[in-house]
Amino acid sequence: MSNQNGYSRERAWLLLNEYTQSASLLKHALAVETCVRAYGEREVDAKGLTDDAREEFINQYSVTGLLHDFDYEKFPTQDEHPFVGNRILTEQGWPEEIRTAILGHAEYSGVLRETHLARTLFACDELAGFLTACSLVKPTKSIHDVEVAGTRKKMKDKAFAKGVNRDDIIKGAQELNIPLDDHIAFCIRAMQKNAEALGLAGTAPAPS
């Protein structure tokens, strides 16, 4: 779906796939998009936007979630990501608010998260990855079997999903001014609604 600024989810998806081959990174992009978009929908309802303005607002959240790591596979170091990606997005004319939010999701960039979009991306990035990991260790491999209490318990297990920064999850909820349990529950629900696309709809458990 395109809009008057010329950036669309379709265009973002093509750009993501141009730079990313890893199936897990593509799924991560979709998971983050799912959570960020859900917050965008909630925010747009609070603002009372309708029609084209509503569509454009939500589209901005979707695109930001999709593209936040699009350069990571080719440019994974802290010297490169997300700075190389930002240069590419700038050259292609993507809006500044999207680019600034993407820069801000990396704490080491030094870019402040001053918009709801930027704070949302930061809050959803690590959590979406963690909820995916929580799903995949379930016998059913399903996000439908992930609950807040179990997620909080897994967060305390330092051996589980070591690559996920728990402090960022906690800080992200604080920056959104939302209780952590509510943030986790919100993202679980969003991912459950998009479980098929995320590959997390689950399978029947193997017979014992």
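A search of the whole structure finds 1 cavity of 30 Å³ or more. A cavity here is a set of points, on a 1 Å grid over the protein atoms alone, where a 1.4 Å probe fits but cannot get out. The model is predicted, so local features need pLDDT of at least 70 and side-chain atom pairs count only at pLDDT 80 or more, while totals for chains, interfaces and linings use all residues. Residues are numbered from 1 along each chain as its sequence is written, and side-chain values use heavy atoms, with hydrogens and water left out.

**First selection: the cavity lining**

Select Leu16, Thr20, Leu25, His28, Ala29, Leu66, His68, Asp69 and Phe70, which line the largest cavity; lining residues have an atom within 4 Å of a point. The space inside is about 40 Å³, a volume filled by probe spheres set on the points. By class, the lining comprises 5 nonpolar, 3 polar and 1 charged residues. Helix H2 gives the most to this lining, with 3 residues.

Next, select residues 51-67, which form helix H3; helices are DSSP runs (H or I, at least four residues) numbered from the N terminus. The 17 residues of H3 reach 24 Å from the first C-alpha to the last, close to the 24 Å expected at 1.5 Å a residue. That expected span is 1.5 Å times one less than the number of residues.

H3 is mostly covered, as 12 of its 17 residues are buried (under 20% relative accessible area, with a 1.4 Å probe and protein chains only). Among them are Glu56, Phe57, Tyr61 and Leu66. To see what covers the buried residues of H3, display helices H1 (9-19), H2 (23-47), H4 (83-91), H5 (96-104) and H6 (116-136), which are included in that cover.

Move to Asn86 in helix H4. Asn86 counts as buried, at 16% relative accessibility. Apart from residues up to four places away in sequence, Asn86 touches Arg99 and Leu103, a contact being heavy atoms within 4.5 Å.

**Last selection: the cysteines**

How many disulfides does the rule count? The count comes to 0, where a disulfide is a pair of cysteine sulfur atoms within 2.5 Å. For Cys35, which is in no disulfide, the nearest cysteine sulfur is that of Cys187, 3.8 Å away. Cys35 is buried, with a relative accessible area of 0%. Cys134 is likewise in no disulfide, and the nearest cysteine sulfur, that of Cys187, is 12 Å away. Cys134 is buried, at a relative accessible area of 4%.

Technical notes:
Helices (H or I, at least four residues) and strands (E, at least two) are DSSP runs, numbered from the N terminus. Buried means under 20% relative accessible area, exposed over 50%, partly exposed in between (1.4 Å probe, protein chains only). On a 1 Å grid over the protein atoms alone, a cavity is a set of points where a 1.4 Å probe fits but cannot get out, and a pocket is an open set with protein on both sides within 12 Å along at least five of seven lines; lining residues have an atom within 4 Å of a point. Ala, Val, Leu, Ile, Met, Phe, Trp, Tyr, Cys and Pro count as nonpolar, Asp, Glu, Lys and Arg as charged, and the others, Gly among them, as polar.
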